[in-house]
Amino acid sequence: MSAAPALSLHDIILSGHVVSGHGRGQVLGFPTANISVAADAPTPPDGVYACLVTIEDERKIYHATMSIGDNPTFDDVTERRFEAFIHDFDRDLYDFAVHVSFVARLRDMVVFPSVDALKEQTMRDVERSRQILAEYTQR
């Protein structure tokens, strides 16, 4: 019996509700929607991704940069987190259902030597994500 084919990045759609996090994204200048994802849901490996996000009952598609992992720069996070920084977005999404489609993997999850180094890399990640998503949506 052969194994099921592996899902490609583009085949994965995460769905879940936005829940409270530590609030670090807001402090760093990148407020995130922390998404509660079912434990048995197919997910991509830990890392940072360029994504498309939809919010329940809305037709609009938002661009986002998503971090998946245990936030290794901070030693107080023990569980895997799904955190989406939705570009140019400023609304409270707590308890809303969201759906995330993955467009591109930007990098692995890594430990940074300082919060400033993490913030600088996040700025580069968001800029790269914006470029990738702009090209992707113009196709």
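F30 has a relative accessibility of 12% and therefore counts as buried (buried means under 20% relative accessible area, exposed over 50%, partly exposed in between, with a 1.4 Å probe and protein chains only). The model is predicted, so local features need pLDDT of at least 70 and side-chain atom pairs count only at pLDDT 80 or more, while totals for chains, interfaces and linings use all residues. Residues are numbered from 1 along each chain as its sequence is written, and side-chain values use heavy atoms, with hydrogens and water left out.

**Aromatic pairs**

- Rings of Phe, Tyr and Trp (its six-membered ring) pair if their centres lie within 6.5 Å; planes under 30 degrees apart count as stacked, over 60 as edge-to-face and the rest as tilted.
- The count by this rule is three aromatic pairs.
- In one of them, the ring centres of F30 and F85 are 5.3 Å apart with planes at 85 degrees, so the pair is edge-to-face.
- F30 belongs to the loop between helix 1 (24-28) and strand 2 (33-37), whereas F85 is in strand 5, 55 residues apart; helices (H or I, at least four residues) and strands (E, at least two) are DSSP runs, numbered from the N terminus.
- F85 counts as buried because its relative accessibility is 13%.
- Y49 and F102 also form an edge-to-face pair, because their ring centres are 5.2 Å apart and their planes stand at 80 degrees.
- Both Y49 and F102 are buried.

**Positive phi values**

- Most residues other than glycine have a negative phi.
- D57 has a positive phi near 60 degrees, and D57 counts as exposed at 80% relative accessibility.
- D95 has a positive phi of about 75 degrees and lies in the loop between strand 5 (81-86) and strand 6 (97-107).
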